[in-house]
Amino acid sequence: MIFLSHNSKDKPVVEQVALKLKGIYGQNNVFYDSWSIQPGDGILDKMNEGLTNCKYFFLFVSKNSLQSNMVKMEWQNALFKAAQNRIQFIPIRMDSSIMPALLTQSLYIDLYAQGLDVAIRQIVDVINGNNTYREPLNQFSNLVAYKYKEGDKLIVECHAEHFLEPISSFIFCTQQDVNTISAEIRNEAMCMTNQINGIQLQNGYKTNAIIRSISKGTVPGFPFIIEFKSSSPFDIEMVMHEKSHGEFHPIPLVNSKKH
């Protein structure tokens with residue numbers, strides 16, 4: 001049994017881990033409250049059952065979970081069992097929160113600094129020593145682009161919502177001639193630039209591309225912000241992120257007020 005201890009506010013990320021482990025080990029071997037506790041079940045009874053049967057206890061450490069009395073009760077119970085060599089206790093760092101003193105004796109998986117894919121591979125390694133990573137079972141994007149008007153400028157902010165994205169390279173797609181558009185990265189003096197008219201994406205879609213990159217990663221709270229300006233009306237219709245060298249994937253693009 002694999003027990004995933006977390007706060008409900010962290011479910012957007014934790015659920016990606018739960019679905020992955022479900023695909024590898026089966027739903028009955030993963031205690032995740034969304035499917036392990038059903039209407040009419042006693043919550044404390046089910047939690048106790050999961051803790052009693054679990055062999056691997058993963059604690060998702062975040063500001064939210066550290067403020068939760070329920071999560072605190074779970075991990076303190078599990079830590080006591082780990083001290084008796086009855087279970088394996090593995091913290092997973094989700095944000096910049098400081099680890100509780102009781103947990104500093106345990107090596108932890110750093111999802112916040114290393115990203116979701118690496119964290120999932122390490123979780124699987126802990127359980128069976130093999131790298132059996134597969135693509136997430138549902139759509140998830142750590143990066144989200146927000147666009148809004150600011151005077152005569154169009155602003156696009158690319159946010160890492162949950163964890164570090166080590167590559168900060170983006171394609172901004174438009175139907176207007178890119179040579180008529182200025183594009184400046186806010187608060188960055190050094191950047192790599194390229195602008196191409198008439199490219200065709202893998203799905204056959206034709207667009208014009210403004211490419212901007214910086215050498216540092218994009219981290220939560222410090223978005224990649226770019227300011228566009230043109231004498232003619234135009235729009236950014238798609239944003240793509242370089243996931244690995246030369247491999248770009250679309251990220252969600254949201255119309256927003258100043259984010």
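pLDDT is the predictor's confidence in each residue, on a scale from 0 to 100. The model on display is predicted: local features require pLDDT of at least 70 and side-chain atom pairs count only at pLDDT 80 or more, whereas totals for chains, interfaces and linings use all residues. Residues are numbered from 1 along each chain as its sequence is written, and side-chain values use heavy atoms, with hydrogens and water left out.

**Colour by confidence.** The mean pLDDT of the protein is 86, and 90% of its residues reach 70 or more. Select residues 130-138 next: pLDDT stays under 50 there, and the model has 19 contacts (heavy atoms within 4.5 Å) beyond four places in sequence for this segment.

**Select strand 1 (residues 2-5).** Helices (H or I, at least four residues) and strands (E, at least two) are DSSP runs, numbered from the N terminus. I2 and L4 lie on one side of strand 1, F3 and S5 on the other, and these four residues are all buried. Buried denotes under 20% relative accessible area, exposed over 50%, and partly exposed the range in between (1.4 Å probe, protein chains only). In a regular strand, side chains alternate between the two faces of the sheet.

Two strands pair if DSSP finds at least two bridges between them. Strand 1 runs parallel to strand 2, joined by two bridges, and also pairs in the parallel sense with strand 3, over four bridges. Centre on I2, which stands opposite V30 in strand 2 and opposite Y56 in strand 3.

**Show helix 1 (residues 11-25).** Strand 1, helix 1 and strand 2 make a right-handed β-α-β unit; with the strands pointing away from the viewer, the path from the first strand over the helix to the second runs clockwise. The 15 residues of helix 1 reach 20 Å from first C-alpha to last, close to the 21 Å expected at 1.5 Å a residue, where the expected span is 1.5 Å times one less than the number of residues. Its buried residues include V13, V14, V17, L21 and Y25. Among the elements covering the buried residues of helix 1 are strand 1, strand 3 (56-61) and helix 7 (116-128). G26 follows helix 1 and has a positive phi, near 95°.

**Finish at L79.** This residue is found in helix 5 (residues 69-83). Why does L79 count as buried? L79 does so because its relative accessibility is 18%. Display F89, L102 and L103, which L79 touches, not counting residues up to four places away in sequence. L79 and F89 are ten residues apart in sequence and 6.6 Å apart in space, C-alpha to C-alpha.
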